[in-house]
Amino acid sequence: MTIKHWIVEKDVDINGSYPQVVDASQYLKDNEVVAFPTETVYGLGANATSDVAVDKIFQAKGRPSDNPLIVHISTSDQLNELVEEIPETAKRLIENFWPGPLTIIFKKKEGVFSNKVTAGLNTVAIRMPDHPIALALIAAANLPIAAPSANRSGRPSPTTAAHVIEDLQGRIVGVVDGGETGVGVESTVVDCTGDDPVILRPGGVTREQLEEIVGTVEVDPSLKEGKGAPKSPGMKYTHYAPNAPLYLVKASIETFRTLIRNKQKEGLKVGVLTTAENKEAFTEADVIIPCGKREDLPTVAHSLYDTLRAFNSSDVDIIFSETFPEEGVGLAIMNRLQKAAGYRLIKE
């Protein structure tokens, strides 16, 4: 099956009638899966109320069925039909960060969603993406759309339509191509069902930004281990991994260079994920790919998945990566790198 490829200009009007968007939305209504751009990464969309449609997401991705999905909506007015209540904390977050890269966990309204979306939990993860094509597509389908990242499970998330086609050719009906995505890492997931908000997945909205609006925000301790039943996408299993084994290195430049030389003595071809500031420090490496600027971490987040995929085009045997401060968007960057590395860390 050849994948359909709808090219759409980014500045579409959510209320407009665009043939490509209308065509793609009809497939969603027919319980097929369609990839589309958001401000974070490309999502793999399907009707969140249909077991048949949601099953096709899991089949296309090869995703474990106990991993819940995020539901995307085009207007916050839809929430009343989908959730039991909207806590005051959630209302303040919605006012400040929707549309945008923030997913909120609510107590679900029974009988609305496929149980496969919520992995049998009594909660549901919902967000309103800040991308005109995504909003137009969801509005045209007039459905809540379940949409994990549009890649094979475990691989780096897609930030272009080409990444989607590379991973899912023959597995999905089509992709709506709106060009490269912006933020580069997925949305932040915040659980608002308890007394205090808890970050279940760091992402495009930082902990510091959240705390400016609602006060103290905790971070779920299981993020460090990736253990236990996942309450949110991204809390379990190895994600984002390139083909070659990846190791995080928290050490001096000289120790880092010694690691490179030692692996080369073993006959291995070594790749290094670094930043613009440090790329000249690792000239002995076989493949050096800078990933944004260390002094501007959003550029690292934006380039991260593309960089991880770029190593797959090389023939490196092992990859060493810089580590980053776990503040601001650095928390999301390190979360993705830790999962890509299977929590392998080399320290001095």
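Author: The structure holds 15 salt bridges. A salt bridge is a side-chain nitrogen of Lys or Arg within 4 Å of a carboxyl oxygen of Asp or Glu. One of them joins Lys56 to Glu32, with 3.3 Å between the closest N and O atoms. This pair ties together distant parts of the chain, 24 residues apart. Lys56 sits in helix α2 (residues 51-61), while Glu32 sits in the loop between α1 (19-29) and β2 (34-37). Helices (H or I, at least four residues) and strands (E, at least two) are DSSP runs, numbered from the N terminus.

A word on the source. This is a predicted model, in which local features need pLDDT of at least 70 and side-chain atom pairs count only at pLDDT 80 or more, while totals for chains, interfaces and linings use all residues. Residues are numbered from 1 along each chain as its sequence is written, and side-chain values use heavy atoms, leaving out hydrogens and water.

Now the part for a close look: a sheet and the pocket beside its strands. Strands of a sheet pair through backbone hydrogen bonds, either parallel or antiparallel. Two strands count as paired if DSSP finds at least two bridges between them. Here five strands make an open sheet with parallel pairing, in the order β14-β13-β15-β12-β16. Which strands stand at the edges? They are β14 (287-290) and β16 (345-347). Each has a single partner strand, so one side of each is left without a neighbour in the sheet. From one strand to the next, the twist averages 25°. Angles run from 0 to 180 degrees between N-to-C directions, and axes are lines fitted to C-alpha atoms, for helices over the stretch in contact.

Follow strand β12 (residues 246-250). Three bridges join β12 to β16, and the two run parallel. Find Leu248: opposite stands Leu345 in β16.

Next come the helices on this sheet. Helix α9 (residues 253-265) lies across β12, β13 (270-274), β15 (318-322) and β16. Its direction is at about 180° to β15. Helix α11 (residues 330-340) also packs on the sheet, and it touches β12, β13 and β15. The direction of α11 makes about 130° with that of β12. Contact means heavy atoms within 4.5 Å.

Now the pocket. The largest pocket has about 360 Å³ of space. The search uses a 1 Å grid over the protein atoms alone; a pocket is an open set of points with protein on both sides within 12 Å along at least five of seven lines, whereas a cavity is a set where a 1.4 Å probe fits but cannot get out. Lining residues have an atom within 4 Å of a point. Points are joined across faces, edges and corners, and the volume is the space filled by probe spheres set on them.

Strand β12 gives the largest share, three residues. By type, the lining has ten nonpolar, four polar and six charged residues. Nonpolar covers Ala, Val, Leu, Ile, Met, Phe, Trp, Tyr, Cys and Pro; charged covers Asp, Glu, Lys and Arg; the others, Gly among them, are polar.

Last, a look at another sheet. An open sheet of eleven strands has mixed pairing, in the order β1-β8-β2-β3-β7-β4-β6-β5-β9-β10-β11. Its edges are β1 (4-7) and β11, each with a single partner strand. Strands β9 and β10 form a hairpin with six residues between them. Three bridges join β9 (residues 188-191) to β10 (residues 198-201) in antiparallel fashion. Val190 has Ile199 in β10 as its bridge partner. Ile199 also stands opposite Val219 in β11. Two bridges join β10 to β11 (residues 218-219), and this pair runs parallel.
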